[in-house]
Amino acid sequence: MEILKKLFGFDATKHNIRTEIVAGITTFLTMSYILAVNPSMFGLLEGMPAGAVFTTTALAAIIGTLAMSLLAKLPFGLAPGMGLNAFFVFTVCMGMGYTWQFALTAVFIEGIIFIILTLTNVREAIVNAIPKNLRYAIGGGIGLFIAFIGMQNAGIIVNDDATLVVLGDITSGSALLALIGLVITGVLYALNIKEAV
């Protein structure tokens, strides 16, 4: 127990080892989808190596999660954000026509600016200046965008020139599997099972 306290800030009076292990496994299983989604999404960009995207995604999640647990002593899993990744691929590269190399340079510069804003506490002031309702709306909007992309990839919805989106062939393998997964997740969530997602 002393090693857990030293490494992760584990306090036996506040935490339960079984709960923490189940939470860790659940978090890993919830996050691991990004290892499949990221390479397939970035693979749509010409010349972007899917193997390198897979490795980078895994390393970013490992390093971020270890830093959060060992340095900050907080039980948070970190991985690349799907909302920003989708924005990178579908809006910046495909929509605006920038190369992925140019877009990655912009992400690098943005990262440096973000670190400076964080170290000078300007980031916190910016976040606090955004109304709470707008912060919730941003999260909901990103969630809907990711759900839209997921439904497209599964074939649940497809492109239509007249209405933009129509219901796809939901009897196909991938669409049916996605719908079954959504139903199971919804039922488990309705039953208040913590590991629903």
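Mentor: In this predicted model, the axes of helix α3, residues 34-42, and helix α5, residues 82-95, come within 10 Å of each other and cross at roughly 15°. Angles under 35 degrees count as roughly parallel, and α3 is therefore roughly parallel to α5. The crossing of these two helices is left-handed.

Consider next which residues make the contact. From α3 come Ile-34, Val-37, Asn-38, Met-41 and Phe-42, and they meet Met-82, Asn-85, Ala-86, Phe-88, Val-89 and Phe-90 of α5. By type, the residues of this contact divide into nine nonpolar and two polar, with no charged residue.

Asn-85 is found in helix α5, and its relative accessible area is 12%. Buried means under 20%, so Asn-85 is buried. Apart from neighbours within four places in sequence, Asn-85 is in contact with Ile-34, Asn-38, Met-41, Phe-42 and Pro-80. Among these partners, Ile-34, Asn-38, Met-41 and Phe-42 belong to the α3 side of the contact described above.

Aromatic rings also take part. A search of the whole structure finds two aromatic pairs. In one of them, Phe-42 and Phe-88 are arranged in a tilted manner, with 5.4 Å from centre to centre and 50° between the planes. Phe-42 lies in helix α3 and Phe-88 in helix α5, so this pair ties together parts that are 46 residues apart in sequence. Both partners are shielded by the cut-off already used: Phe-42 counts as buried at 8% relative accessibility, and Phe-88 is buried with a relative accessible area of 7%.

The other pair may be set beside it. Tyr-98 and Phe-102 form a stacked pair, with 4.9 Å between the ring centres and 15° between the planes. As to accessibility, Tyr-98 counts as partly exposed at 40%, and Phe-102 likewise counts as partly exposed at 48%.

The protein chain has nine helices and two strands, and read along the sequence they follow the pattern α-α-α-α-α-α-α-α-β-β-α. The C-alpha trace spans about 60 × 45 × 40 Å along its principal axes. Of the 197 residues of the chain, 17% count as buried; Asn-85 is one example of a buried residue. Among contacts in the chain with a separation of 6 or more, residues 24 or more positions apart account for 40%.

Ala-154 has its place in helix α8, residues 132-154, and is buried, with a relative accessible area of 11%. Not counting residues up to four places away in sequence, Ala-154 touches Ser-174, Ala-175 and Ala-178. Ala-154 and Gly-143 are eleven residues apart in sequence, and their C-alpha atoms are 16 Å apart in space.

To return to the part you asked about: α3 and α5 cross at roughly 15°, the crossing is left-handed, and the tilted pair of Phe-42 and Phe-88 ties the two helices together.

Technical notes. Residues numbered from 1 in each chain as written. Predicted model: local features only at pLDDT ≥ 70, side-chain atom pairs only at ≥ 80, totals over all residues. Heavy atoms only, no water. Axes fitted to C-alpha atoms, helices over the stretch in contact; angles between N-to-C directions. Helix = DSSP H or I, 4+ residues; strand = E, 2+ residues; numbered from the N terminus. Parallel < 35°, antiparallel > 145°, perpendicular 65-115°, else oblique. Left-handed = near helix turned anticlockwise from the far one by under 90°. Contact = heavy atoms within 4.5 Å. Nonpolar A, V, L, I, M, F, W, Y, C, P; charged D, E, K, R; others polar. Phe/Tyr/Trp six-rings, centres within 6.5 Å; stacked < 30°, edge-to-face > 60°. Buried < 20%, exposed > 50% of the residue type's maximum accessible area, 1.4 Å probe, protein only.
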